[in-house]
Every structure is written in C-alpha cells, then in structure tokens.
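Subject: A structure for you to look at

Hi there,

Here is the structure I promised to pass on to you.

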Amino acid sequence: MICLGIETSCDETALALTRQGRLLAAVLASQIDLHAIFGGVVPELASREHQRFIGPLFDELLRRAQICPQDIDLIAVTRGPGLLGSLLIGTAFAKGLALSLGKPIIGVNHLHAHLLAAGLDPNRDQRLEFPALGLVVSGGHTEIYRMDSPWQFSRLGRTLDDAAGETFDKVGHALGLPYPAGRALNELAQKALSPIASLPRPYIDNDNLDFSFSGLKTAAINLAHEFGISATVKEQNKLASFSLAFNEAIACTLREKTKRALNRHPDISTLYLAGGVAANSIIRAELTDLMRNRKGSMFAPDLSLCGDNAAMIAYAGWLLHKHGMRHNLDFEAIPRGRPIPDDFISCSSADNLR
Ligand code: KG4
Ligand code: ZN
C-alpha cells in the first residue's frame with residue numbers, strides 16, 4: 001500500500017510517500033529563513049508559503065517516486081495541533097485529492113506521529129513496542145504520554161509555559177543567535193570542557209509530570225548577562241561553557257520527569273523520544289543512560305526524522321489504517337490548545353468518502 005503523507009502544521013511544507021510503512025520518497029520546503037527575519041514563526045506568512053509550495057511539491061514528489069496520482073492508496077494529513085491557517089492548507093489539499101482520486105483519507109495527530117516515527121527506522125524490524133512512554137520535545141510542545149498502541153495515547157504531563165525547543169530558541173535569541181537556535185546551542189555545548197555554572201533544574205520539586213521552562217529561560221538569560229556572554233563574544237569558550245550549562249539543565253529536567261513517569265508505570269520499559277529537540281545529543285545521551293540503568297530501551301528517530309516531516313505522517317496514517325481506521329471528508333483541522341477528538345471511523349463502515 002502506498003500512503004501519501006502531508007505535513008503543514010507549522011513552518012515546513014512536507015510531503016512523503018511510504019510503501020508498506022517504508023519511506024519511498026520525500027520532499028520538503030522549509031520556511032526557516034523567512035521566519036528568521038522576524039525571530040519566530042509568523043502564522044499568516046506560514047499559510048501563504050504552504051499555499052505557494054504544496055502543489056509544486058506534490059508534482060515533484062510523484063516525479064521522484066515515478067508514480068502517478070492513481071497509484072496512491074491512502075492519504076494521511078496532519079490535522080493538528082498546529083497553526084490553524086497552515087493546517088487548513090494541508091487538510092484542504094488532502095481532501096481535494098481524496099475526493100478526486102476516490103481514495104481513503106485519515107487525519108493524523110502531529111504529536112502522535114512524532115512518537116511513532118521510531119518505527120520508520122529502516123534498521124529496526126518496524127515493530128513498535130507497547131506499552132511505552134513517549135516524550136515529545138519540540139518548538140511548540142513538551143509532553144509525556146503513556147502509549148498503549150499506535151492510537152491509544154494518554155497524556156501524563158505537559159509544559160505549563162514554554163516548550164523545550166522554544167526555550168532553546170528564546171535563550172539563543174537573547175544571545176544574538178539566529179532562529180531557531182537549538183542546534184547551534186547544542187553544537188556549542190559539544191565543544192565545552194565544563195559548564196560555566198549550574199543552572200536550576202526547573203519545576204522538579206513537586207510530585208507531578210508537568211514541565212515549566214520559563215524560569216530556566218530567565219535564569220539562563222541573567223547568567224549570560226552576568227558573564228557578558230553573547231553570540232559575538234570574543235571568548236568563544238565562555239559561550240560554549242554557557243551552552244553546556246543550559247543544555248544540561250534541560251536534559252536533567254527531562255530525565256527527572258521521565259524517571260518519575262517510569263516509576264509510576266512499572267510495566268513500561270521502552271521510551272520513545274521525538275520532536276525537533278530529540279536531535280539534541282546531550283538529551284539523547286541522558287535519556288539513553290536513564291533507560292540503560294533501568295534495563296530498558298530508548299528509541300529516537302534518525303536525526304533527519306526528528307523535526308517536522310511528512311514521512312512520519314504517512315507512516316502513522318498507514319499504521320492506523322492497517323488497524324481499520326480512517327476519516328470521512330468532514331474531519332476538522334484542530335489548532336494548538338484544543339484537544340484532538342478520537343473520531344476515526346472504521347474502514348468497513350465507511351463505504352464512501354462522504
Ligand atoms: O519538531 P520541530 O521541527 O517543530 C515543531 O513542531 O516545533 O522542532 C523545532 C525545534 C526548534 O525549537 C529547534 O530549535 C529545536 O527543535 N531543535 C533543537 C535541536 N535541533 C532542533 N533543540 C536542541 N538541540 C538540537 N540539536
Ligand atoms: Zn513537530
């Protein structure tokens with residue numbers, strides 16, 4: 001079965017094809033350079049760029065995979081959470097295709113797709129293990145889930161303010177680094193011999209699984225001012241040591257809350273780490289170590305699949321469809337902040353697209 005995945009929830013217009021859950025081809029137009037001018041994503045500009053790119057990208061994808069539209073068996077599209085205007089471009093395009101080709105469609109939860117992306121790894125046997133713990137760390141989200149199957153997710157914790165990636169980006173912005181700053185701060189930290197100071201591990205002294213990174217953001221910016229650290233500072237080793245202190249504070253906080261979640265769910269020994277921040281080497285090492293100590297396993301997607309991409313949407317859509325799920329054409333795009341309804345219909349009961 002060939003599944004088309006469409007992702008337009010934020011600032012990447014991405015389309016991909018999977019065949020039996022294996023990546024066939026992918027195309028992506030990133031808007032990072034455009035939004036970097038404004039220091040963050042401008043929603044109206046994002047939707048206009050999706051509108052401009054989605055058609056030409058679809059043609060290019062078919063050309064690369066050497067298939068025609070009728071060869072597509074299933075259309076999977078991100079329905080949320082994300083920027084509403086951006087989501088609407090992707091879902092409208094997907095619905096138009098489904099209607100014209102007479103093919104089934106499925107709306108995919110972007111965060112669930114991030115977590116399921118570990119199953120796309122060509123070096124694994126494609127079998128995701130359940131129950132598992134899922135930690136999504138991205139520019140817009142920091143959430144912990146209990147995962148009982150590809151469609152049964154219970155949220156155990158979330159950030160109360162900034163997401164982990166947002167914290168990287170805002171601290172980077174204060175230092176004068178270009179948006180998004182996560183990767184640069186990670187690479188700087190890798191060059192440091194020791195952290196410049198110990199930053200607080202935020203929102204740990206409580207008994208819940210939520211996160212709060214805004215206090216760490218302020219503490220990090222204050223520390224940078226105190227030591228006169230910026231992107232242009234002559235002593236680059238000071239910038240690197242600062243970056244290490246900051247990366248460690250985020251990594252230790254994620255470790256602590258993940259450990260707490262695992263203690264509360266002793267039947268779980270598998271951790272899936274996902275989202276753009278899952279590319280962070282210090283966080284990956286910290287969580288790998290946590291799981292090794294507990295005789296469990298940590299899986300994170302290949303670096304190319306950590307950030308927003310359409311392969312994960314195609315893969316998640318294919319997994320759900322394999323288990324008998326789909327949507328009619330009336331499913332809605334859901335913006336950030338609103339719960340995504342569990343409104344799949346069973347394939348057998350849906351004999352036409354309306
Ligand atoms: O998942 P993603 O591509 O988009 C959202 O859905 O948000 O994540 C983007 C985020 C940005 O905040 C970026 O700074 C962060 O991921 N990021 C990193 C690294 N690579 C990307 N943060 C820390 N370390 C990295 N290596
Ligand atoms: Zn994402």
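Below are my notes on what was found, topic by topic.

First, the ground rules. This is a predicted model, in which local features need pLDDT of at least 70 and side-chain atom pairs count only at pLDDT 80 or more, while totals for chains, interfaces and linings use all residues. Residues are numbered from 1 along each chain as its sequence is written, chains are lettered from A and ligands numbered from 1 in the order in which they are written, and side-chain values use heavy atoms, with hydrogens and water left out.

**The zinc site**

Let's start with the metal. The zinc ion (ligand 2) has His 110 (NE2), His 114 (NE2) and Asp 308 (OD) as its protein donors, at 2.1 to 2.2 Å. (Donors are N, O and S atoms within 2.8 Å of the metal, or 3.2 Å for Na, K and Ca; water is not among the atoms, so sites may look incomplete.) Along the chain, these donors follow the spacing H-x3-H-x193-D. His 114 sits in helix α4 (residues 110-116) and Asp 308 in the loop between β10 (297-299) and α10 (311-322), so the pair ties together parts that are 194 residues apart in sequence. (Helices, H or I with at least four residues, and strands, E with at least two, are DSSP runs numbered from the N terminus.) His 114 is also buried, with a relative accessible area of 1%. (Buried means under 20% relative accessible area, exposed over 50%, and partly exposed in between, using a 1.4 Å probe and protein chains only.)

What is the geometry of the site of the zinc ion (ligand 2)? The angles among its four donor atoms run from 91 to 151°, and the site is irregular. (Four donors count as tetrahedral if all angles lie between 85 and 135 degrees; four count as square planar and six as octahedral if opposite donors are over 155 degrees apart and all others between 65 and 115; anything else is irregular.) For background, the ideal angle for four tetrahedral donors is 109.5 degrees.

**Around ligand 1**

Ligand 1 is surrounded by 19 residues, and the closest are Gly 139, Asp 169, Gly 276, Asn 280 and Asp 308.

Gly 276 has a backbone N or O atom 2.9 Å from an oxygen atom of ligand 1, and for Gly 182 the corresponding distance to an oxygen atom is 3.1 Å. Asn 280 places a polar side-chain atom 3.0 Å from a nitrogen atom of the ligand.

**Strand β6**

Next, look for strand β6 (residues 132-137). Six of its six residues are buried, so the strand is largely enclosed by the rest of the structure. One side carries Ala 132, Gly 134 and Val 136, the other Leu 133, Leu 135 and Val 137.

Strand β6 runs antiparallel to β7, joined by six bridges, and the two form a hairpin with four residues between them. (Two strands pair if DSSP finds at least two bridges between them.) In this pairing, Gly 134 stands opposite Tyr 145 of β7. Strand β6 also runs parallel to β9, with four bridges, and there Val 136 has Ala 274 as its bridge partner.

**Salt bridges**

How many salt bridges are there? The count is 16. (A salt bridge is a side-chain nitrogen of Lys or Arg within 4 Å of a carboxyl oxygen of Asp or Glu.)

One of them joins Arg 146 and Asp 267, at 2.8 Å from N to O. This pair links distant parts of the chain, with Arg 146 in strand β7 (residues 142-147) and Asp 267 in the loop between α8 (236-264) and β9 (270-274), 121 residues apart. Arg 146 is buried at 14% relative accessibility, whereas Asp 267 is partly exposed at 46%.

Arg 64 and Glu 60 also form a salt bridge, at 2.8 Å. These two are four residues apart in helix α2 (residues 43-65), which means about one helical turn separates them. Finally, Asp 162, Glu 166, Lys 170 and Lys 217 are linked in a network of salt bridges.

Enjoy exploring!

Best wishes

Definitions and conventions:
Near = heavy atom within 4 Å. Polar contact = N/O pair within 3.5 Å; in protein donor to acceptor, adjacent residues only side chain to side chain.
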